[in-house]
Amino acid sequence: MEHGTFAALFRHEFHMDFRRWRNLKWAWIYVAALLVLALAALTLWGGQKGFRLEFLLFATYAFPYLVFGFSYRSVKREWTGSTFGWWLTLPYSRARLLLAKYAASLGQTGIALAAYFGAVTLLALYNAAVHGASGSELRQFAEVAVQYLLIVAFISPFMLSLGLLTGILVRSHWKALLPLTWVAFGVLGNVLNWLNLARNSGPAGDDYDPTLFPLESPVYWLGVPAILALASLLLAGAVKVCNKYLAL
Amino acid sequence: MNPAIAMDRVVKSYEGKPALKGISLAVREGGCFGLLGPNGAGKSTSMKILTGLLEPDRGAARVFGRDVRRDGAEIRRQIGYVPQAITLYEKLSAYDNLVFFGEMYGVRGGQLKKRIGEVLAQVGLADRAKDAVEKFSGGMKRRVNIAAALLHRPRLIIMDEPTVGIDPQSRNHIFEMIRSLRREGATVLYSTHYMEEVEALCDELAIVDRGEVIAQGELGDVLDRYGARAVYLELQEGGTPPPLPAGFGKPVPKERGWLIETPRPLEALTAWAAACEAGSAGVKRLEIVRPSLESVFLSLTGTSLRDN
């Protein structure tokens, strides 16, 4: 039963988020408009000197914030909708309840990343078809895209834990910690920009280097365990606050 | 037999302000137990402790013999909790809400479908199953909320002021449902600040005020023990009643007659009857009045529950 109920909890969380996105009709209008604009821009300027396919990846900078929002909202909706009385009295430990939210937010993150990078790849292929990009250009684009994707994927567990902890702190006796988590959100959510600034000091010109870290960089194999450890720590903190310090 | 609920000197504070000052309760299995008290008395806090929403600072709370701190998840499997605030997903239909609630308690498939039909019929909303909850009145939402708490056939149903702000039709449905739950053998813990609800539904009660239980027991016993006894007199011609001998207090107007509260109601009745006869006053009604919970609360706290 335990396994089945975790699946049910996960499904419930996922379903609630999915339903929310489906109901956000205006958001889909924006997404469609952005795609049309990107296609138009590629058609008009895609072949010009100075245009870099990697510019398509700039929207990735917002991903850590978006990911934070997934988990933060999943907790916040229990407080704002007054459903916490039901949620917290379900016959499961609070660790399990929070893990279900975490897992559902992770699932959403996966879907959002796949959708975004899928769309960007299609746009790059469209550009190549219209303006005849070289194989090396496409290869370089793919390499940079993978770097962006990996960095977002690596930072996501941390941002998800931070979102969950922030959501829990909102309704706790430790509310005073909220400014710290919001500062962490602001600073660490900007990770892609920090990494980019470390390589490019000026505006994106001809000498602009869109690569963040080569895949063999120690950042990946040193940073990832550290990020996962931090994410676990924050998640454990969220469970602790949820168990002991909620203000209900 | 173990009581369904046993709270032993439970203490709980919110940021240093005491909410429960050592509450002890015993609720027998299969009964309907009323928690009566004004807002802020500690009713909701007690219920939140029993459901595991809050942990007590001190003292012990047990449900079906299990400790709420240690066996919270196992206890919650046997509880159906109806919180004070409506706890539903507004955008979902009543049916979809119930599917979620049922699945979370391990009820699935055909069994869940059948059970949803049963509980919706029980709360009188079978024909509105597919409507979004956001279109429902407060009373209807409350009924869906109660239906959700019953899906897994809990042994104990904890209801925190379920009739606040709802229409009379929904209120009647809820009352009927509680009676039917009791017939099925479930235990009900019901909090309210409406005395008439306790009198209509509960066989046992505890009166809670400022974080303390000030009276507890079977309804009749509590009324007998703490209720102010009174004698009511209504004259045929109206007007002021004949005076009673000293020591019986002063009559106060009530409805169409006069009421006198006294610890010696039989003597007062006899004396009033004699006084009426001596003064040739025609008596329309003269009787000993059953004590009310209102008078119990007044005599125990010195204030009216309604004033609170």
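Visitor: Which residues of H3(A) meet H6(A)?
Guide: This is a predicted model. Among the residues of H3(A) that meet H6(A) are A:Phe63, A:Pro64, A:Val67 and A:Phe68. On the H6(A) side, the residues include A:Val152, A:Ile155, A:Met159 and A:Leu160.

Visitor: And how does that contact divide by class?
Guide: The contact of H3(A) with H6(A) has 14 nonpolar, 6 polar and 1 charged residues.

Visitor: At what angle do the axes of the two helices cross?
Guide: The axes of H3 (residues 63–80) and H6 (residues 135–169) of chain A cross at roughly 35 degrees and come within 7 Å. The crossing of H3(A) past H6(A) is right-handed.

Visitor: Changing topic: how many residues does each chain give to the contact between A and B?
Guide: Chain A gives 19 residues and chain B gives 21 residues. The largest share of the chain A side, 6 residues, comes from H1(A). By class, the chain A side has 9 nonpolar, 9 polar and 1 charged residues.

Visitor: Now the sheet in chain B. What is the strand order?
Guide: The order is S12-S13-S11-S14, in an open sheet of 4 strands with antiparallel pairing.

Visitor: Why is one side of S12 and of S14 left without a neighbour?
Guide: Strands S12 (252–254) and S14 (283–289) of chain B stand at the edges and each has a single partner strand, so one side of each has no neighbour in the sheet. From one strand to the next, the twist averages 25 degrees.

Visitor: Over how many bridges do S11 and S13 pair?
Guide: S11 (residues 230–235) and S13 (residues 257–261) of chain B pair in the antiparallel sense over 4 bridges. B:Ala230 stands opposite B:Glu261 in S13(B).

How values were computed: Residues are numbered from 1 along each chain as its sequence is written. Chains are lettered from A and ligands numbered from 1 in the order in which they are written. This is a predicted model: local features need pLDDT of at least 70, side-chain atom pairs count only at pLDDT 80 or more; totals for chains, interfaces and linings use all residues. Two residues are in contact if their C-beta atoms, placed from the backbone, lie within 7 Å. Ala, Val, Leu, Ile, Met, Phe, Trp, Tyr, Cys and Pro count as nonpolar, Asp, Glu, Lys and Arg as charged, and the others, Gly among them, as polar. Axes are lines fitted to C-alpha atoms, for helices over the stretch in contact, and angles run from 0 to 180 degrees between N-to-C directions. A crossing is left-handed if the near helix is turned anticlockwise from the far one by less than a right angle, and right-handed if clockwise. Two strands pair if DSSP finds at least two bridges between them.
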